Amino acid sequence: MRAYYYDNLPGDQRLPHDCVPSKPVSKETLDSINVKYWTIPVEGYETKIDAIAKERNYKNRDQINVSKAAMGDIYEEKLKGFFAEHMHEDEEIRYILEGNGFFDVRETPSDAWIRLAVEPGDLLVVPAGIYHRFTLGENNFIRALRLFQDEPKWVPHNRSETTDINPSRVNYLKTIGVGA
Ligand code: KMT
Ligand code: NI
């Protein structure tokens with residue numbers, strides 16, 4: 001998984017939006033905002049994912065196929081929802097099986113966007129309370145496993161003054177050592 005600062009230039013969200021020259025983001029920087037990732041080969045992934053789910057106490061999972069063919073009429077609307085800056089109240093794991101895309105996560109306190117280019121085999125832990133968004137890449141397709149600790153609370157809370165004081169957000173800021 002490549003991580004770099006988003007260029008903030010207008011244009012198609014599906015393009016890489018890498019700066020020129022690129023500004024790579026280190027694992028330490030990702031650690032500082034509590035974003036964890038690792039790579040697990042897709043071939044035979046089941047055993048390893050099962051072990052991680054067990055170790056981190058994840059009880060539920062589903063598969064999401066983001067493409068026009070799989071989603072039909074709700075495709076455009078879903079894509080818009082994914083790309084609106086939001087947070088979730090629970091930690092969630094994404095494991096990419098096919099296709100590709102970009103998760104943009106906010107660095108705090110700078111508020112800069114960090115772009116995570118995900119591809120098959122990438123496993124990403126999205127901490128509760130982090131502001132983020134998602135877009136497909138240019139091939140318009142991704143298939144991913146979504147792992148949830150408890151019941152899938154698949155509710156995105158779009159960033160606002162209300163989410164700034166959401167307990168999950170406040171707790172996230174405390175975890176990364178940034179005063180709310
Ligand atoms: C999110 O949290 O926005 C998503 O999980 C997007 C779709 S998963 C490929
Ligand atoms: Ni989300």
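Here is a short chat about this predicted model.

Residues are numbered from 1 along each chain as its sequence is written, while chains are lettered from A and ligands numbered from 1 in the order in which they are written. In this predicted model, local features need pLDDT of at least 70, side-chain atom pairs count only at pLDDT 80 or more, and totals for chains, interfaces and linings use all residues.

Biologist: Which residues does the UniProt annotation "binding site" cover?
Modeller: The entry is unreviewed, and such annotations may be inferred rather than shown by experiment. The positions are spread over 47 residues of sequence, yet they cluster in space, with a largest C-alpha distance of 13.5 Å. The record lists H86, H88, E92 and H132.

Biologist: Is H132 buried or exposed?
Modeller: H132 sits in strand β9 (residues 132–136); strands are DSSP runs of E, at least two residues, numbered from the N terminus. A residue is buried if 20 or more other C-beta atoms, placed from the backbone, lie within 10 Å of its own, exposed if 12 or fewer, and partly exposed in between. H132 has 22 such neighbours, so it counts as buried.

Biologist: And how does E92 count, with its C-beta neighbours inside 10 Å?
Modeller: E92 belongs to strand β5 (residues 92–99). It has 19 of those neighbours, so E92 counts as partly exposed.

Conventions
Helices (H or I, at least four residues) and strands (E, at least two) are DSSP runs, numbered from the N terminus.
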